[in-house]
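My notes follow in the order I looked things up.

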Amino acid sequence: MSLTSAFEVSAIETTKVSKVTEVTGPRRKSHGKFLGLRLAAAIIISLVMFFPLYWMITTAFSTRADLYAPGLHLWPEHFTLSNFIDPIVRFPVLKWFQNSLAIATLTTVITVICNLLAGYAFAKLKFRGKNPLFLVLLSTMMIPAQAIMVPQFKLSIALGLYGNIWSVILPESAVIFGVFLARQFFIAIPEELLEAARVDGAGHLRTFVSVVLPLCKPLLAVLTLLTFMGEWNAFGWPLVALSGDPALFTLPIGIVGDLQGQYTSNYGRIMAISLLMTLPVVILFIAFQKYFVEGLARSGIK
Amino acid sequence: MTKTEADRASPVTTRVSARSASAPASGSRGVLRRVNASAAGMFLLPNIVMIAVFTLLPLVFAFVISFQNLDSLGEWTWVGFGNYVKLVTDPVFWQSMTNTGIFTLFTVPVGMILGLGIAVLLNGVLPGRTLFRSIIFLPLVVSGVATGVLGAWMFDQSNGFINRILGSVGIGPTAWQSDGFWAMASIILVTLWQRVGFDMLIYLAGLQGVDPSVQEAATVDGATGWQRFRLVTFPLLGPSTFFLLIMNMIYSFQVFDTVWAMTRGGPGFSTTTVVSYAYRTSFDEHGPQLLGYGAAVGVAIYLITLAITAIQWRFSSSRDQTD
């Protein structure tokens, strides 16, 4: 069951339950008292959880004098944009942003195409050695990225990738997770639909592109979102692959590699650029929350 | 590679999928089968080439390089088990293993208990429930680096928010950065903040699968709220608990970006996790270092991950039998 549909179902249940409690007087009262407590708990937890992000925002718009003065300053008392302007002027922050965008976009395109195609083969095509192959691919999911960073580094030099963004894009696109998600989705497509396309003379690829894909917009959304966010935030391998050249840095590498060293006692600057890095994914999350949550829940629950 | 790390280590799902992989009906004719096979090759090729070149090949070479004395200039000699002997006698490696163990021991169960509590709280009737869920989930989309630098700033010893607020209620400054114990505590707290939404999400999905009539039956039998939870709901959440245990263990065992951005493994080596150590030995800000030894640390990480997964398979198959 997908989580979003679970949410929807529970929303319906909720309205039913509240109608019932309205009818029964005494029960409603005890329920209400309990409800107040639970609501208070939920509000407190949410405030605690949101506070660090609020603090990032506050810090980003506060002057250094306020941040490093004694006492608590819970909001920007002297609003400033210098935390954004100064690092952008002194470091190639916009170039980092561009690199992050290019790497995340290209990785997403390659990953999603590869995973969709493979997922379709495993779901709908018959061929010898399907199950052993599936198991081999499965087992690669257990290989931690960090266990192979040294040979990957040597490999990217040998293939002439080192020194450009493809040294990140290609290894990061070698993932299998989406194959499973895609396969689950494709299995649900009725065989008759594919047969009909084949009778009309469409080949496998044609069937896939013009019949299957249009039915799979939620799958495309989930895969694209999860891959893009993962790559936008990627750190371990890009750190190894891009460290040689500041012009190739992504935002996470730039923050850790340059800004953290430069602004050890001026955290407003670091928070401002961190905010710049965080904002796009937060916006994506809010806009496409449904797909995001569903994708994560599906990766865990059959 | 934050997302993919979690994905690569998702044995529970994948087992389920593997089982149903054999499901599609056969009954194919020879011609169709041949057409299908060439089509299948075409569909599979891109993904298989990527995995073979950028994952399987490096894995093989990780083992090969771990038997070499490969330095930053590319010079190398065979050293047999030399790197592994060095590994087991390296106090910093063992310290990083201990650190990772402590980190895992605190982040995994505490995160799951908190996540379960929040899931139960937000599963019932509550106005604004969806908003609460979103807020608790939000840190999960924030990158490890942003979380790490934010943590470093909030736990800053002299100017950070945490010490300021503790100071305002009369608690003296805590040495979050200069004392190894408190530094470890701070990375655990930050990780809990970041990860609890995931535990909540999986438990919420699990709670949706709990049949309300079972709860009602327990109520009729006179069970109190706590008894209902302990004796009915929690056992029914077994699969979610199990899944989270494995996912979180692998995540915590392989943690890198948050910790590296927050403490660089310091002070000293007190927050150096095993993956940070692998990075630190193989590379640093100046480029490649002891690559042969780093590869050996990587192989050790791989073998330990395999062991965790093997234990999971064993336990889950024995659980399946008792079901």
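This is a predicted model: local features need pLDDT of at least 70, side-chain atom pairs count only at pLDDT 80 or more; totals for chains, interfaces and linings use all residues.

Chain B first: I count 15 helices and 2 strands there. Helices here are DSSP runs of H or I with at least four residues, strands are runs of E with at least two, and both are numbered from the N terminus. Residues are numbered from 1 along each chain as its sequence is written, and chains are lettered from A and ligands numbered from 1 in the order in which they are written.

I looked up burial next. In chain B, 46% of the 323 residues are buried (20 or more other C-beta atoms within 10 Å of the residue's own; 12 or fewer is exposed, in between is partly exposed, with C-beta atoms placed from the backbone). For contacts I used C-beta atoms, placed from the backbone, within 7 Å. Taking chain B contacts between residues at least 6 apart in sequence, 68% join residues at least 24 apart.

Chain A has 16 helices and 0 strands. Of its 302 residues, 46% are buried. I ran the contact count here too: 74% of the contacts between residues at least 6 apart in sequence join residues at least 24 apart.

The classes: Ala, Val, Leu, Ile, Met, Phe, Trp, Tyr, Cys and Pro are nonpolar, Asp, Glu, Lys and Arg are charged, and the others, Gly among them, are polar.

**The core**

A nonpolar core means buried Ala, Val, Leu, Ile, Met, Phe, Trp, Tyr and Cys residues joined through C-beta atoms within 7 Å. The largest one has 164 residues, and those with the most contacts inside it include Tyr120(A), Ile255(A), Phe43(B) and Val149(B). Helix α9 (residues 180–208) of chain B contributes the most to this core, 14 residues. I then checked Ile255(A): leaving out neighbours within four places in sequence, its contacts include Ile270(A), Met277(A), Val145(B) and Val149(B).

**Domains of chain A**

Domain 1 puts 11 residues into the contact between them and domain 2 puts in 12. On the domain 1 side, α2(A) has the largest share, 4 residues. By class, that side of domain 1 has 6 nonpolar, 4 polar and 1 charged residues.

**Two close-ups**

Is Leu290(B) buried or exposed? Leu290(B) counts as buried because 20 other C-beta atoms lie within 10 Å. I found Leu290(B) in the loop between β2 (287–288) and α15 (291–322) of chain B. Leu70(B) is 220 residues away from Leu290(B) in sequence, yet their C-alpha atoms are 6.6 Å apart. Not counting residues up to four places away in sequence, Leu290(B) touches Asp71(B), Thr281(B) and Ser282(B).

Last, α15(A) bends by about 30° at Thr278(A), and Pro280(A) follows within four residues. The bend is the angle between axes fitted to the seven residues ending at a residue and the seven starting there.

Notes:
Two residues are in contact if their C-beta atoms, placed from the backbone, lie within 7 Å.
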